[in-house]
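Thanks for coming. I'll go through one structure today, part by part, and keep to what can be read from the coordinates.

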Amino acid sequence: MSTWNIWSVPVVIIALAIIAPVLAIFYSAFLGDTALWPHLFSTVLPRYILNTLILMLGVGSLSLIFGVSTAWIITRYNFPGKIILEWALVLPAAVPAYIIAYTYTDFFEYAGPVQGFMRDFFGWNNSQDYWFPNIRSMGGAVLVMSSVLYPYIYLMTRASFLSTSTSFFQTSAIYGRNTFLYVALPLARPGIIAGLALVLMETISDFGTVDYFAIETLTLGVFNVWLGMNSLSGASQISSVLFLIVVVLLTLEYLARRNQRFHEKSSGQNIMPEQEISVFAKVICLILCLIPFTLGFLIPVIILLNFVFSGFAVINFNEILDTTFASISLSFFAAILVMSISFLMVVVANYKSNSFQKIIIFLASCGYAFPGTILAVGTVVFVGWLNELIHFHISYFVGGFMVLMFAYTIRFLAVGNGAIRSGVMRIHPNLMDASRTMGVSFFQSLRRVIFPLVYTNILVGGILVFVDILKELPITLLLRPFNFETLATYVYQYASDEMLEESSFAALIIVIAGLGPVIFLSSTIKNISKKKQSNKT
Amino acid sequence: MRKYLLILLASLSIDIIVINLAYANEEVNVYSYRQPILINPFFEEFTNSTGIKINVLHAKKGLLERLLAEGADTPADLVLTVDISRLTQFAKEDVLMSINSSVLINNIPFYLRDNNNRWFALSKRARIVAISKDRVPDGAIINIEDLANPRWKGKICTRPGSHEYNRSLLASIIAAHGEKIAEDWAKGLVANLARKPEGNDRAQAKAIYEGVCDIALMNTYYFGKMKFNEKNTEQKDWAQSINLVFTNQNDRGNHINVTGGGVVKYSKNKKNAIALLEFLTKPKVQELYSSMNYEYPVNPTMSLSAELKSWGEFKEDKLPIEKLAEFTPTAQKIIDRVGW
């Protein structure tokens, strides 16, 4: 069977189109002069790189702790509040990092309620009387970003735990080994690593939080060079450093997975039994799950609600209602597009490709690591170049929704791919072979065998993409049509002028809009589990 | 379920096609670095008096790159920016047309517009020094150069140097003294900082109020926005705690930056775009810049509003404004070197 077939050729073409804007960034990096490099090397670059690495290490570790521990507790133990926390733990994903940065600063700063309370309580008079950690610091950034990013790890890890066969656990029990360390963790590694990779890429590309907290990362550097030195090519060059870090990350992820493929021949015994535990242990479980939920959701939502109440008079509810509708339909449509492309790419890479094609498809995920604005610029540059080549009247596309959708795909494909790949990799190749041997076409095999097996993964990815697009700011800002606002741009235009009351309600809606799909997802996962359970008996 | 999904998808696809037909011919399409909330009142005035509708796209970064990529196909007619450096970039990339308008030339002094009439300043903002009413005596700071004096060690707060307002201030010092002295000044300033540069201009006033520092750099309109903030009344206290110092009144004058605009070379609707630009320089609209946003009018026939006057009339640095843009990249390099 040739590897250049009716499946792989279109997929490789799509993948190339998705890589093209990233290449456009590289092109402009090499086009420009490199005169800035000696200056950057001797001044800011070491600092940028160091800060970026520290931030990645911090956010990666804390997100892992939050995500994996909660996923395990929720899957394994029974305790009061579990039914709610099971899906509530995903909710912080809907809180944009820039919003949590604003709200936390407001909450923890000198004039905020926390320090105000402490001053009243201890009788301190001013900032010289006591020490309080500055939220606008590396530590603050790690805390804030981990609180909203850990759900990526939680979701993917939990999906892995849920589909781990019980027989493994029984085996470990027989040998008296620790189930979590020796069975669950190693088996969930693809899910954990997929989640971690997303968290790290999101951390690298973040601009809103690091800008607000004045943490000098590479991404902040990109903008200083671009706008401060009027050098887009210099900015692209720094972006290329970002890109290198990501390629290293993705390669590590790939290598980690290559040596350990996890296949399951059946899906019949997938329900891990819940363990009964002591009351004390139940309280511990509850507290461990409440910490990230409180940090990533409860506190910011309470602060936002407070703003909504105090600013009730200045909030334009009609405008926000329209914006909400526009935002949700846009995100919904784009999420379906991204997930369809992701599914196609992952299965074709897995079943229908040679290594060259696999690399192309692999590279198509890299857009996630670029700062949104740079990616948006790369997109317009690429589309503009196409327009010069074959004139198709570009303004009908840029500033319509098509280019916006295209850019969303470039940016969020990694999320979809990560989610689906961690599902597909658990499917034993024999299943596909068996199906094909029985004379079923590839398409039908996908539909009848693969799709049902990765359905949960598609949902998980789809919801993450939906929520990601709902809160996406820089790409939407630059590529949207005239007079068009999404909830995120609406929040931004007020929040950037510190009009938090006006922006609070729309911000709250972004968070709430994430509720629906999250609850839907959670109930779907449950139903699937139940179905499997009843099939078994 | 599947049927509804298909209907939804179909209707969305129609949206995608139809939205582009909305850019009708007479309307003016604006790419704006300024937030819609700050310029919409002007646009409403314009639409009311002329019947011409205005469409806005606001972004803080990348509009120039989008315009360049769209080339001759661009739907944009007018560009509005908040910093001189951005404005001159548009001219440099040759995407603005030269406008022959006596209205603009009469309403805007020469040092606030392009030699070739491609861009025009529409409002001015002064970057001043805010000092604590209680802790810094009047007359202790007269010139911007004073901020590098070791006397103020641990007393100064600013936002990060890489912000365009600070970059442009440093560019004005380069223009006045040359790169070497400007770098020494920046070094001295950084040595005097009370804390790592963070937050925006308002946050610095707050820091003075809270006693974190005594001296800060600030754009004047923030003072107005704090002083009259009915929603966050605590900001009134911040404004109460500071005095404004217009610097260098005995030599070159206080540094100013501008907001401005220009008409896109490939505009499909130049007539109306120019009309809008002219409209923005008229006394009635210029007054709105002061009353709504506490910015200084560019139109020389205007006198200052009572509020702005109460802050003090001042001599401004009349360096041709595009010189600032010229020194901006050097300023950023100095900022990188001194770690501001």
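How many residues of domain 1 of chain B are in contact with domain 2 of chain B? Before I answer, note that this is a predicted model. The count is 16 residues of domain 1 of chain B, in contact with 20 residues of domain 2 of chain B. On the domain 1 side, the elements that give two or more residues are H4, strand S4 (120-132) and strand S8 (256-263) of chain B. By class, that side divides into eight nonpolar, four polar and four charged residues.

For orientation, the domain assignment puts domain 1 of chain B at 26-124 + 256-304 and domain 2 at 126-255 + 316-338. Their centres, taken over C-alpha atoms, are separated by 27 Å.

Staying with H4 of chain B, residues 84-92, its axis comes within 8 Å of the axis of helix H14 of chain B, residues 322-338. The two cross at roughly 95 degrees, so H4(B) and H14(B) count as roughly perpendicular to each other. From H4(B), the contact uses B:Ile84, B:Ser85 and B:Thr88, and from H14(B) it uses B:Glu322, B:Leu324, B:Ala325 and B:Thr328. That makes three nonpolar, three polar and one charged residues in the contact.

Helix H3 of chain B, residues 63-70, has seven of its eight residues buried, so it is largely enclosed by the rest of the structure. The buried ones are B:Leu63, B:Leu64, B:Glu65, B:Arg66, B:Leu67, B:Ala69 and B:Glu70, and you will notice that glutamate and arginine are on that list. After H3(B) comes B:Gly71, with a positive phi near 55 degrees.

As background, most residues other than glycine have a negative phi. B:Asn117 sits in the loop between helix H5 (102-107) and S4 of chain B, and with 17 other C-beta atoms within 10 Å it is partly exposed.

Now the two chains together. Here 49 residues of chain A are in contact with 44 residues of chain B. On the chain A side, the elements giving two or more residues are helix H12 (218-228), helix H15 (317-351), helix H17 (372-389), helix H18 (401-424), helix H21 (474-479) and helix H22 (487-495). The largest share, eight residues, comes from H17(A). By class, the chain A side has 24 nonpolar, 20 polar and five charged residues.

On to the core. The largest nonpolar core has 271 residues, and those with the most contacts inside it are A:Ile510, B:Ala205 and B:Ala216. Helix H7 of chain A, residues 138-162, gives the most to this core, with 16 residues. Domain 1 and domain 2 of chain B each supply at least three residues to it. In soluble globular proteins, nonpolar side chains tend to be buried together.

What does A:Ile510 touch, leaving aside neighbours within four places in sequence? It is in contact with A:Ala94, A:Pro96, A:Leu470, A:Lys471, A:Leu487, A:Ala488 and A:Val491.

Take A:Ala488 from that list, a residue in helix H22 of chain A. A:Ala488 has 26 other C-beta atoms within 10 Å, so it is buried. Beyond four places in sequence, it touches A:Pro96, A:Lys471, A:Glu472, A:Leu473, A:Thr476 and A:Ile510. In the loop between H21 and H22 of chain A is A:Asn483, another non-glycine residue with a positive phi, about 55 degrees. A:Asn483 counts as partly exposed, with 15 C-beta neighbours inside 10 Å.

Is helix H6 of chain A, residues 113-122, in the open or enclosed? None of its ten residues is buried, so H6(A) lies largely in the open. A:Gly123 follows H6(A), with a positive phi near 70 degrees.

Notes. Residues are numbered from 1 along each chain as its sequence is written. Chains are lettered from A and ligands numbered from 1 in the order in which they are written. This is a predicted model: local features need pLDDT of at least 70, side-chain atom pairs count only at pLDDT 80 or more; totals for chains, interfaces and linings use all residues. Two residues are in contact if their C-beta atoms, placed from the backbone, lie within 7 Å. Helices (H or I, at least four residues) and strands (E, at least two) are DSSP runs, numbered from the N terminus. Ala, Val, Leu, Ile, Met, Phe, Trp, Tyr, Cys and Pro count as nonpolar, Asp, Glu, Lys and Arg as charged, and the others, Gly among them, as polar. Axes are lines fitted to C-alpha atoms, for helices over the stretch in contact, and angles run from 0 to 180 degrees between N-to-C directions. Angles under 35 degrees count as roughly parallel, over 145 as roughly antiparallel, 65 to 115 as roughly perpendicular and the rest as oblique. A nonpolar core is a set of buried Ala, Val, Leu, Ile, Met, Phe, Trp, Tyr and Cys residues joined through C-beta atoms within 7 Å. A residue is buried if 20 or more other C-beta atoms lie within 10 Å of its own, exposed if 12 or fewer, and partly exposed in between; C-beta atoms are placed from the backbone. Domain bounds come from an automatic or database domain assignment.
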